[in-house]
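The structure is shown first.

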Amino acid sequence: MKCIVGLGNIGKKYENTRHNIGFMVIDEWIKKHNIALDKQKYKGNYTVAVINGEKVLLIEPMTYMNLSGEAVRPLMDYYKVEIEDLVVLYDDLDMPQGRVRLRQKGSAGGQNGMRSIIQHLGTQDFKRIRLGIGRPEGRKPVVDYVLQKFSDDEMITMQKVIDHTIEALEAYIAGEKFENVMNQYNGDV
């Protein structure tokens, strides 16, 4: 079983914000496959679905970003998901909007949701897809920037990012080696 986790913050006020791009990918993906995150347990909304012939656990932590590991670890334990089958989707300030970066492992890189997951799993050796949101211009505080909604123009680019990420996930779920998916999908959309 594969486990795909999209990171974000819960609540209407955070919908379509930069920090919620992980949720946005999951939401679009489940809509495409006509499934729903219809289960709640261990501080997460989730479902288990068959996508491209593979059983997949899809999770959106309902803990707020900084506590994401509190939802991910118990659900992985409950479903006996191996670390090598985990992929986490999250926003990255250090990449421009429109860039997607798949990685086999790595540090949290300042992303608090990833820091929480690494802490709860006790390892940083799991797959992730970093979704570039760019840095704020001028002196705008980072926290205000990441919690701001995408503009209409930005959403054109971010929709391409969402579609591109779903294609990468579907290739991986269908059995493509993650290294091959990285080679094919890393870069600008």
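R73 has a relative accessible area of 30%, which makes R73 partly exposed (buried means under 20%, exposed over 50%, partly exposed in between, with a 1.4 Å probe and protein chains only). D77 is also partly exposed, at 44%. The side chains of these two residues, D77 and R73, form a salt bridge with 3.1 Å from N to O; the term means a side-chain nitrogen of Lys or Arg within 4 Å of a carboxyl oxygen of Asp or Glu. Both residues belong to helix 2 (residues 69–78) and lie four residues apart, about one turn of the helix. Helices (H or I, at least four residues) and strands (E, at least two) are DSSP runs, numbered from the N terminus.

The model is predicted: local features need pLDDT of at least 70, side-chain atom pairs count only at pLDDT 80 or more, and totals for chains, interfaces and linings use all residues. Residues are numbered from 1 along each chain as its sequence is written, and side-chain values use heavy atoms, with hydrogens and water left out.

The whole structure has ten salt bridges, including these:

| Salt bridge | N to O distance |
|---|---|
| E154 and R18 | 2.7 Å |
| D77 and R73 | 3.1 Å |
| R99 and D188 | 2.7 Å |

E154 is in helix 5 and R18 in the loop between strand 1 (2–6) and helix 1, so this pair ties together parts 136 residues apart in sequence. E154 is buried at 18% relative accessible area, and R18 is buried at 3%.

R99 forms a salt bridge with D188. This pair links distant parts of the chain, with R99 in strand 6 (residues 99–103) and D188 in strand 8 (residues 187–188), 89 residues apart. R99 is partly exposed at 28%, whereas D188 is exposed at 51%.
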